[in-house]
Amino acid sequence: MSGARDTVLRRVRAALADVPAGERPDDVPVPRAYRRSHAGGDVVGLFADRLSDYGAGVTRTGDPATAITAALTRRGVDGLVVPDGLPSGWLRPGPWSVLRDDPPLPVAALDDASGVLTTATAGIAVTGTLVLDAGPGQGRRALTLLPDYHLCVVPSARIVGDVPEALARLAPDAPLTFVSGPSATSDIELDRVEGVHGPRVLEVIIVEDDKEPPA
Amino acid sequence: MNTPHDSVVWLGAPAFPEAARSALADTRLRKNLRKATGTIREKRLAATGELDDWEELRAAGAAVKRRTLRHLDRYLEQLEESVARAGGTVHWAADAAEANRIVTELVTATGEREVVKVKSMATQEIGLNEALAAAGISAYETDLAELIVQLAGDHPSHILVPAIHRGRAEIREIFRRGMGDRGRPAPDGLSDEPAALAEAARLHLRDKFLRAKVAVSGANFACADTGTIGVVESEGNGRMCLTLPDTLITVMGIEKVLPSFADLEVFLQLLPRSSTGERMNPYTSMWTGTVAGDGPRAFHLVLLDNGRTATLRDPVGRQALACIRCSACLNVCPVYERTGGHAYGSVYPGPIGAVLTPQLMGVGQASSLPFASTLCGACYDACPVKIDIPEVLVHLRAAEVDAKRGGVPTPEALAMKAAAGVLGSPRRLAAAQRAAAATGRLSARRGSIRRLPGPLSRWSDTRDTPAPPRESFRAWWRRTRTGPTAEDER
């Protein structure tokens, strides 16, 4: 409603009468003396440690296909959601049925699926964070939300040291999801309980290779 | 349009001194609070202590907020343009009633009678759930603590962990009694283990998430340059609400805007470490308008004033609008730790509530809250955006005293005037001390005065006063030292 818009903007301008008319936003200094990264030399090792702190399972390997098969077998996955664009060699046949999101899977099917396999667009070492941007091999956001088990495979070249470095790489027009460990709550007597609405189990495979995987 | 802020404070809530008195008598509440605030304080110190540039991050956060507030009109217009460009619709609300009407109309237009909600301070502030209920629309809170509060028909008592005042056995009873009326009942034989209670909430809400067509959320930040909105959370209920429904309505205070997406590099470090004491919260969702085939098809952003522009008008008080709702100030506050959140009678409790509530409400409202502090300064040290809460408290106290000038003087004003006269003259002070020594000792028990007579009881009701000594220091000095020093007393 334009009436309210004008009212609010007029009130804002009236409230800022003490701000000199010629002042521009850049005239208000913002000191940016903070670090771009708090990570040391071993970014991949730090990423693995921080994920483990959250209770996420972590595997480092040069052979993602074998590690993926082992993880899915260990977990006993039967219906596995697989988004488009995952590197072709990663998923071998196994005792699981593969659910493709084309045409889009209904929420009930996602809810029934026992796991989802994706990659991530970035990993942040200091905070142990996976960033999903709905790009190739990640799919729309619901895919990594409803299944109770999320297996995320991250090439080591995509792991950055800290939050500022990660944000500089991201394109904000895509929906972004930052995942740091399994879902959790401390709402009852501040006792931490892992696994509420998001996937209760998060496993990460770090692919030790400095090349981007083939799409 | 000019009857703002109906729900910032709870109607009929007593003023802080009375509410605090009954809260202090609740020993179990005090024990819960001591444990909870102590735990979270330690976690916050560990998480912030890991970053050796924490002070530089705080300085940057404070400066970004200062820049934003001084040019708020420009950033709001830029945000509106960016959101619209990305396929969202922006609405403006001057007050709570207007915001509630906008949201109600948007929900009604979808034909739905139910909405799922992500924990949001802004929608609590405007009393959205009640407004929707009046229009026949059920709003389901999906954060675990908010669910507990909603099922119990209760008020939140903490910004981050709203059910901090409830123990596990109480929560089990709330679930057993309340869940069945609103959907899937609590499982038979539900235990009071937090994991079992969280599982009951998961099952109860799952069905709502899968069916929901409309969601209502708040926002932690909105980037003016890109139109990106961010919500931080832990449980995944936020992701459910932000991703699955067809329509998403976000209600956001106008002060939540940030100049640029790049500024998130500061706030995504400051907020989780200050709030839950984690390096990063489990889930952060960011979205920019709508995206075909992923998430809601319609996105509405409601920009809420509701007293914020009035707060902005005060160059000292305006810094309270920099608040990122981390709740660190609550957890370090000695007053909050003892009284809990309900005593503040406001959606915004604790130190930040004591400065935000009276400003959002206007002069003369919630006037006892700026006095609900010892001015120890722990809140300022903990604040990730360096809001000088003690400075604003003192400023608001002065405004409150000034507002009472001119009429019949209060007993306190008379007492202070008398004290000024006594303290201004050594002779009058000496006479007063002799008189106090004589009468004070008569009313004292075991060295302290518990009750003073008449209007002075308003002082003694809230504090014990040490009995005056038989002899003042000044009198003792004069008696034991002879010579020139005694001449000082003229």
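Visitor: Axes here are lines fitted to C-alpha atoms, for helices over the stretch in contact, and angles run from 0 to 180 degrees between N-to-C directions. Which helix of chain B does helix H3 cross at roughly 120 degrees?

Guide: Helix H12 (residues 264–275) of chain B; its axis and that of helix H3 (residues 54–70) of chain B come within 10 Å. This is a predicted model, where local features need pLDDT of at least 70 and side-chain atom pairs count only at pLDDT 80 or more, while totals for chains, interfaces and linings use all residues. Residues are numbered from 1 along each chain as its sequence is written, and chains are lettered from A and ligands numbered from 1 in the order in which they are written. Helices (H or I, at least four residues) and strands (E, at least two) are DSSP runs, numbered from the N terminus.

Visitor: Left-handed or right-handed crossing?

Guide: H3(B) passes H12(B) in a left-handed crossing, meaning that the near helix is turned anticlockwise from the far one by less than a right angle; clockwise would be right-handed.

Visitor: Which residues of H3(B) meet H12(B)?

Guide: Leu57(B), Arg58(B), Ala60(B), Gly61(B) and Val64(B), against Val266(B), Phe267(B), Gln269(B) and Leu270(B) in H12(B). Contact means C-beta atoms, placed from the backbone, within 7 Å. By class there are 6 nonpolar, 2 polar and 1 charged. Ala, Val, Leu, Ile, Met, Phe, Trp, Tyr, Cys and Pro count as nonpolar, Asp, Glu, Lys and Arg as charged, and the others, Gly among them, as polar.

Visitor: Which strand of chain B pairs with E9(A)?

Guide: Strand E9 (residues 283–288) of chain B, in the antiparallel sense over 4 bridges. Strands pair if DSSP finds at least two bridges between them. One bridge puts Thr177(A) with Ser285(B).

Visitor: Switching to chain A. What is the strand order in its open sheet?

Guide: E1-E12-E7-E4-E2-E3, 6 strands with parallel pairing. Strand E1 (57–61) and strand E3 (97–100) of chain A are at the edges with a single partner strand each, so one side of each has no neighbour in the sheet. The twist averages 20 degrees from one strand to the next. Inside the order, strand E2 (residues 79–82) and strand E4 (residues 115–119) of chain A pair over 2 bridges, with Leu80(A) opposite Gly115(A).

Visitor: Where does UniProt put "domain: LUD" in chain B?

Guide: An unreviewed UniProt entry places it at residues 76–289 of chain B. UniProt positions are in the numbering used here, feature names are shortened, and annotations may be inferred rather than shown by experiment. That span is 43% helix and 19% strand, with end C-alpha atoms 16 Å apart.

Visitor: What does the domain assignment give for chain B?

Guide: Domain 1 (16–308) and domain 2 (411–484), with bounds from an automatic or database domain assignment. Their C-alpha centres lie 52 Å apart.

Definitions and conventions. Contact = placed C-beta atoms within 7 Å.
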